[in-house]
Amino acid sequence: MEEKQFSGILNGAVPGEQVKKDENSRRGNWGNQIEFVLTSVGYAVGLGNVWRFPYLCYRNGGGAFMFPYFIMLVFCGIPLFFLELSFGQFTSLGCLGVWKVSPMFKGVGYGMMVVSTYIGIYYNVVICIAFYYFFTSMTNLLPWTYCNNPWNTPDCSGVVGTHRANATFANITAVMSGVTEVVNRTKRTSPSEEYWRNYVLNISDGIGNFGEVRLPILGCLAVSWVVVFLCLIRGVKSSGKVVYFTATFPYVVLTILFIRGITLEGAISGIKYYLTPQWQKILDAKVWGDAASQIFYSLGCAWGGLITMASYNKFHNNCFRDSIIISVTNCATSVYAGFVIFSILGFMAHHLGVDVSQVADHGPGLAFVAYPEALTLLPISPLWSLLFFFMLILLGLGTQFCLLETLVTAIVDEIGTDWIIRNKTIITLGVAILGFLLGVPLTTQAGIYWLLLMDNYAASFSLVIISCIMCICIMYVYGHRNYFKDVEMMLGFPPPIFFRICWRFISPLIITFILIFTVIQYKPITYNDYVYPNWSLVIGFCMALSSVICIPIYALFKIATSEGATFLERLKHSVKPHASWGPALQEHRKGRYATGGPESVEVRPLKEELKEKETEKEKEPEKEKKDDISLTIQGSNGSTLNPTPSA
């Protein structure tokens, strides 16, 4: 009894409470379905929802951009999301194991791992900078408010005027009249920009000049990785509990900032700038390309994270419903974040007497320069700064949890021994330490150049290629009929006809369009006025190709090692599903999976399985009667024991 209570406590249950048993006891499952949904929302809703979507929206026609955005969500985003969730849930395996469906394409899984590795390295550096700003906001006066600091230059002009050490809040209000002077200056550098460039980053003159490691940033990077490791110390069992806070609290902060923002003077003009439709831009192909790209990258398709998170679901979970809930929540968050950002930027533009477009920015420029500067105009500005950067930290951590879990799950599933499953925490620790060490160069004075290089190249067109090949493999190599029947076996109903059409035709076409658009719109990366040298662009392309090259290399390896006398015979064997392909648990291996043969597809839906279970329950009383008749039972050592009657 004590042993049971102790194991219950280890599983996170309350002593005395009945412990929920995992369906897949060897691998584990989510504690409940809310944990999966919140984790997936935290994964999909990231920093891009706050610092990229609002900027794209105002740049591409305001409210008019919403039309192509939601069209792409319906025809590409949700179908791909559902495809990846169902793919991982059906096999209960990570991004490597699922390719038993067609072993020749396992390189796609390795490509997903490479992409997740790159993103995991630089994403945590962004989180660590948010940690740094969070800690420096714990003061009476934000350090980027005025221009009287050692790191400021003569070009610095704050939005609240010139400050002297003995100035009071009354003085600050009085010098607001000096704003006109600021606007009229030919070259204005904000104190927040100089704080970012000259103090936080202490940026070097180029990507090749690493300079020194910024120790405060390095310390925050260590804190960031420790937090991620501790939250994943027991895999989905621990991260599933953490997301109750990390996935929900950002919405509380967004709402607080939104309410504060819309009460400010000039906020309405900022929101109008964000939403006012410019319908003529709908005819621009670039607007549609931006909409498709934002949907694709925002949902986290082809990173391997969706497959991994879904692999911990119970076999009959309704992932169709989950995919719609998570996708719509992600896009609604992007739109909502736009109101929060542009209400504050509108207030700032009003104070400066300039157009909103002159203060609007995206990426790190929005998160660490434009928005923090706007916050200095608010009373009790450190409080709003703390809330804003705490929100960024939580948004980043939600994505980082899944990136790390994707890598760990892929390694554990691939090796698959009892030892490595029992010691999964050691693998998690090893991956976290390696991620920290690989992130150290990004904390140098040239770190921001490398971070932006990785952001632009490591997960750009390579993701689109990976996603396209995944669709082709499942729909045309494995066969759409086979996959539709697999989904029916799992969910109890076949995929709706709309999704079947999207999976086979529409989504691959949109993905191809995104790829062509990405290539046509390509411009060499720059950072403000700095133009990246050619050798750094070559490194960027190598990073992009390193994930895609896994696909043909592994395919050639698999063909070479497959059975067969001729190339065609080997090719046929390499694309044929592995004998162990299908549901992980024997109880779910029905129809063709019961016999193990890939031919003769016979799938019994969930309704039939439930009927069978009911008939088995009816037979149970008869079995019990037969058991009562027997007077002895066999012991574990072969002896016969007298049964003790139960009370």
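1. At what angle do the axes of helix H17 and helix H18 cross? This is a predicted model, and in it the two axes cross at roughly 150°. They come within 9 Å. H17 covers residues 364-375, and H18 covers residues 381-415.

2. Angles over 145 degrees count as roughly antiparallel, so H17 and H18 are roughly antiparallel to each other. Their crossing is right-handed.

3. Which residues make the contact? H17 supplies Ala 367, Phe 368, Tyr 371, Pro 372 and Leu 375. H18 supplies Ser 381, Trp 384, Ser 385, Phe 388, Phe 389 and Leu 392. By class, this contact has nine nonpolar and two polar residues. It has no charged residues.

4. Aromatic pairs come next. The structure holds 65 of them. One is formed by Phe 258 and Phe 339. Their ring centres are 6.2 Å apart, with 85° between the planes, and the pair is edge-to-face. Phe 258 sits in helix H12 (residues 249-262), and Phe 339 sits in helix H16 (residues 319-352). The pair links distant parts of the chain, 81 residues apart.

5. Phe 339 also pairs with Tyr 274. Here the centres are 5.5 Å apart and the planes stand at 85°, so this pair is edge-to-face. Tyr 274 lies in helix H13 (residues 267-275) and Phe 339 in H16, so the pair ties together parts that are 65 residues apart in sequence.

6. Is Tyr 274 buried or exposed? Tyr 274 counts as buried because its relative accessibility is 0%. Phe 339 has 22% relative accessibility, so Phe 339 counts as partly exposed.

Conventions
Residues numbered from 1 in each chain as written. Predicted model: local features only at pLDDT ≥ 70, side-chain atom pairs only at ≥ 80, totals over all residues. Heavy atoms only, no water. Axes fitted to C-alpha atoms, helices over the stretch in contact; angles between N-to-C directions. Helix = DSSP H or I, 4+ residues; strand = E, 2+ residues; numbered from the N terminus. Parallel < 35°, antiparallel > 145°, perpendicular 65-115°, else oblique. Left-handed = near helix turned anticlockwise from the far one by under 90°. Contact = heavy atoms within 4.5 Å. Nonpolar A, V, L, I, M, F, W, Y, C, P; charged D, E, K, R; others polar. Phe/Tyr/Trp six-rings, centres within 6.5 Å; stacked < 30°, edge-to-face > 60°. Buried < 20%, exposed > 50% of the residue type's maximum accessible area, 1.4 Å probe, protein only.
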